[in-house]
Amino acid sequence: MIHMAKPQIGEEEKQAVMEVLDSGMLAQGPRVKAFEEAFAEMCGVKYAIATSSGTTALHLALLANRIGVGDEVITSAFTFIASANSILYTGARPVFVDIDPRTFNLSADLIEVAITPKTKAIMPVHLYGLTCDMDPILRVAEKHNLVIIEDACQSHGAGYKGRKAGSFGTGAFSLYPTKNITSGEGGMITTDDPVIDEKCRVVRQHGMRKRYYHDELGFNFRMTDVHAAIGLAQLKKLDKFNVQRRANARFLSENLKGVTAPNIPDGQTHVFHQYTVRVPDGMRDALHTYLQEHEVGSEVYYPVPIHQQSFYVSDLGYKDSLPETERAAQEVLSLPVHAGLSASDLETIVAAVNEFFAGS
Ligand SMILES: Cc1ncc(COP(=O)(O)O)c(C=O)c1O
């Protein structure tokens, strides 16, 4: 079976973990600090704050930007549930706008009409490894005095006109094992703002500035040094992994027939967390099943947009109509693109997809 994801763990990660275990200092410590510094440098920002997951990174990023009860945050419904749930955790309400069908990302043109007096932030989700079209989003944010919280959980190292994902506001990354780099579980917040940095560090650690003196409500959102040791070793390989993912994606795009290949807008560096095609004429599920039968992994990210998830409808009263989001949910299929694929794996994926269409 050719799997959708395969964490690339080598001797460097194993040795780094053993060093932490031998040190006896397992919780947040020097490795977390080193990982934060290296991650900030990768993104081209001043500060990075490690957390226990991408979800806690998003939650903390929102709290540090003072998003709370009564506020609205504009985002996409075509994403993993954590994007919108992190907004709910703060007491704020996600307001969904439709996606650009070419990129699957938030449509910048639709943001301004969704702004109300309650809007405090925009959360662009850089889906599949491609950043949103940030210039118009930044213009709207500036005009209406809104903060930007980037959900960069799928976009480590992605580029937009010379800048990196996570450098446009407060960024949040996931380090889950399927991501372009992993720490086992983990997350990272990125920012240039020293106030946001300090707030994240305090709230990550039970609202504690001085030991056992608690100024505000906080959480335990810390990363351990064991996880940071893995993440730091992985970060050194990020460029190599991303080059490999892009080469794999290029091969797939040049050879696949019958599907619409991913679009890479000018000036952007796609890091292909997912290689996601559109399958026409209602054939997506049949292709998914065919590939499974032929030992080729594939997955639908995401079959149910967030505004149609049952508890968003029944408990939270969402009844939006988002035509492009809903069409994408019916048509998308992601194929394996990870850095561990061999040339023969890629040939097998192409052959299986092309045989499906030749036979149908
Ligand atoms: C777009 C997006 N946002 C948020 C998350 C949450 O990250 P984590 O699973 O590390 O909590 C993910 C993880 O899959 C994601 O893909």
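Trainee: Hi! What should I know before I start?

Mentor: The model is predicted, so local features need pLDDT of at least 70 and side-chain atom pairs pLDDT 80 or more, while totals for chains, interfaces and linings use all residues. Residues are numbered from 1 along each chain as its sequence is written, and side-chain values use heavy atoms, leaving out hydrogens and water.

Trainee: Okay, in what order do the 3 strands of the open sheet come?

Mentor: The order is β7-β6-β12, with antiparallel pairing. Strands (E, at least two residues) and helices (H or I, at least four) are DSSP runs numbered from the N terminus, and two strands pair if DSSP finds at least two bridges between them.

Trainee: Which strands stand at the edges?

Mentor: β7 (163–164) and β12 (268–269); each has a single partner strand, so one side of each lacks a neighbour in the sheet.

Trainee: And which residue of β12 is the bridge partner of Y160?

Mentor: That's Q268.

Trainee: New topic: how many salt bridges are there?

Mentor: The whole structure has 20, counting a side-chain nitrogen of Lys or Arg within 4 Å of a carboxyl oxygen of Asp or Glu. One of them joins K199 and E216, with the closest N and O atoms 2.6 Å apart. The two are 17 residues apart, K199 in helix α6 and E216 in the loop between β11 and α7.

Trainee: Is K199 buried or exposed?

Mentor: K199 is buried, at 13% relative accessible area, whereas E216 is partly exposed at 23%. Buried means under 20%, exposed over 50%, and partly exposed in between (1.4 Å probe, protein chains only).
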